[in-house]
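Visitor: I would like to go through this model with you, please. Where shall we begin?

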Amino acid sequence: MSAVTGKTGIEKDREERYDGNATFIGFLGPELSFRWRGAPNLELTWQLHHRSGGGGTFGDMGGTSNANTIGIRYRF
């Protein structure tokens, strides 16, 4: 589940289209990470942040937004 106090522009537009509320909806965050043997504490990551109304199940939203993130993670 995902709760926000400020929505993105696309979520505001879709709230109007679906007559819904994107404040509290579903969330999926699958991630892929790549690590090298020579640097086991260092990873390159890709994560998809997917907020979804689950076809109207959450907040009467048919769809919301996605964000792709790429990062570097160092494990201590």
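Guide: A definition comes first: a residue is buried under 20% relative accessible area, exposed over 50%, and partly exposed in between, with a 1.4 Å probe and protein chains only. The model is a predicted one, in which local features need pLDDT of at least 70 and side-chain atom pairs count only at pLDDT 80 or more, while totals for chains, interfaces and linings use all residues. Residues are numbered from 1 along each chain as its sequence is written, and side-chain values use heavy atoms, leaving out hydrogens and water.

Visitor: Is Glu 15 buried or exposed?

Guide: Glu 15 counts as buried because its relative accessibility is 14%.

Visitor: Which residue does Glu 15 form a salt bridge with?

Guide: Its partner is Lys 7, and the closest N and O atoms are 3.0 Å apart. A salt bridge here is a side-chain nitrogen of Lys or Arg within 4 Å of a carboxyl oxygen of Asp or Glu. Lys 7 is partly exposed, at 24%.

Visitor: How many salt bridges are found in the whole structure?

Guide: The search finds 5. One of these joins the side chains of Glu 31 and Arg 73, at 3.1 Å from N to O. Since Glu 31 lies in strand E3 and Arg 73 in strand E5, the pair ties together parts that are 42 residues apart in sequence. Strands (E, at least two residues) and helices (H or I, at least four) are DSSP runs numbered from the N terminus.

Visitor: And which residue forms a salt bridge with Glu 43?

Guide: That is Arg 75, with the closest N and O atoms 3.1 Å apart. Glu 43 is in strand E4 and Arg 75 in the segment after E5, so distant parts of the chain, 32 residues apart, are linked. Glu 43 is buried at 4% relative accessibility, whereas Arg 75 is partly exposed at 41%. Salt bridges with shared partners join Glu 31, Glu 43, Arg 73 and Arg 75 into one network.

Visitor: Changing topic to the strands: how many bridges join E4 to E5?

Guide: There are 10, and E4 runs antiparallel to E5 (residues 65-74). Pairing requires that DSSP find at least two bridges between two strands. His 49 stands opposite Ala 67 in E5. E4 also pairs in the antiparallel sense with E3 (residues 31-36) over 6 bridges, and a hairpin through 2 residues joins E3 to E4. Strand E2 (residues 24-28) pairs with E4 over 3 bridges, again antiparallel.

Visitor: What does Gln 47 touch?

Guide: Gln 47 sits in E4, which spans residues 39-52. Leaving aside residues up to four places away in sequence, Gln 47 touches Gly 29, Pro 30, Glu 31, Ala 67, Asn 68 and Thr 69, where contact means heavy atoms within 4.5 Å. Its side chain also makes a polar contact of 2.8 Å with that of His 49. A polar contact is a pair of N or O atoms within 3.5 Å; within protein, one must be able to donate a hydrogen and the other to accept it, and residues adjacent in sequence count only if both atoms are side-chain atoms.

Visitor: Finally, how far apart are Lys 12 and Gly 63 in space?

Guide: They are 11 Å apart, C-alpha to C-alpha, and 51 residues apart in sequence. Lys 12 lies in helix H1 (residues 9-18) and is partly exposed at 45%.
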